[in-house]
Amino acid sequence: MQADLRYPIGNFDIDNPVSEELLNQYILSIAQLPGKLRAVLQGLNAAQLDTPYRPGGWTMRQVVHHLPDSHLNGYTRQKLALTEDRPIIKPYDEAAWAKLPDSTQGDPQLSVILLEALHQRWVLLLQGLTPQQLDRTFVHPVNGAQRIRQHIGLYAWHGEHHLAQLVALKQSRGW
């Protein structure tokens with residue numbers, strides 16, 4: 001059976017209960033993502049970075065730039081939920097963002113640096129939240145209410161998901 005290149009680690013179940021132990025694993029995953037990403041990118045040239053991870057998919061470069069784009073949105077959504085009562089968040093067009101010049105031409109190391117700083121701030125925030133704060137929600141216009149606790153898991157999965165795409169491409173090409 002061939003692996004699903006689009007979802008190499010499977011889909012995330014947002015309704016899965018999040019124990020304290022699982023929450024700590026999620027936060028650790030968020031903390032470690034920038035270093036793992038930096039390691040995966042080590043030694044890649046421009047042609048490799050501009051290779052799609054799957055037919056019809058984004059290039060490695062676009063995936064790398066997508067991570068801080070998405071995680072900045074996730075961080076902001078959580079901060080809104082912590083400071084407002086059930087805020088309605090604004091979705092964004094990920095595919096359109098991935099086509100912009102900073103995503104198609106930019107040095108991926110810029111996004112690694114951005115992700116490192118963002119994740120340091122995010123982990124500091126997450127580690128200080130109370131159980132009541134973890135249960136606060138925001139409302140996504142399409143997906144409905146989301147609790148911060150589950151949203152942390154979604155973003156831990158999101159980072160690992162895209163990291164697995166990049167690793168799979170490198171392995172398949174022998175880079």
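How are helix 3 and helix 8 oriented to each other, roughly parallel or roughly antiparallel? Hi everyone, let's work that out together.

A quick word on the model. It is predicted, so local features need pLDDT of at least 70 and side-chain atom pairs count only at pLDDT 80 or more, while totals for chains, interfaces and linings use all residues. Residues are numbered from 1 along each chain as its sequence is written, and side-chain values use heavy atoms, with hydrogens and water left out.

Let's start with helix 3, residues 60-83; helices here are DSSP runs of H or I with at least four residues, numbered from the N terminus. From first C-alpha to last, helix 3 reaches 35 Å, close to the 34 Å expected at 1.5 Å a residue. Of its 24 residues, 19 are buried (under 20% relative accessible area, 1.4 Å probe, protein chains only).

Now the partner, helix 8, residues 148-173. The two axes, lines fitted to C-alpha atoms over the stretch in contact, come within 11 Å and cross at roughly 175°. Helix 3 and helix 8 are therefore roughly antiparallel, a label for angles over 145 degrees. Their contact residues divide into 11 nonpolar, 10 polar and 2 charged. Among those meeting are M60, L67 and G74 from helix 3, and I148, Y155 and L169 from helix 8; contact means heavy atoms within 4.5 Å.

Last stop: R121, in helix 6, residues 108-127. R121 is partly exposed, at 49% relative accessible area. Beyond its neighbours within four places in sequence, R121 is in contact with Y75 and K79. The C-alpha atoms of R121 and Y75 are separated by 9.2 Å, although the two residues are 46 apart along the chain. Thanks, everyone!

Note on methods. Helices (H or I, at least four residues) and strands (E, at least two) are DSSP runs, numbered from the N terminus. The expected span of a helix is 1.5 Å times one less than its number of residues. Buried means under 20% relative accessible area, exposed over 50%, partly exposed in between (1.4 Å probe, protein chains only). Axes are lines fitted to C-alpha atoms, for helices over the stretch in contact, and angles run from 0 to 180 degrees between N-to-C directions. Angles under 35 degrees count as roughly parallel, over 145 as roughly antiparallel, 65 to 115 as roughly perpendicular and the rest as oblique. Ala, Val, Leu, Ile, Met, Phe, Trp, Tyr, Cys and Pro count as nonpolar, Asp, Glu, Lys and Arg as charged, and the others, Gly among them, as polar.
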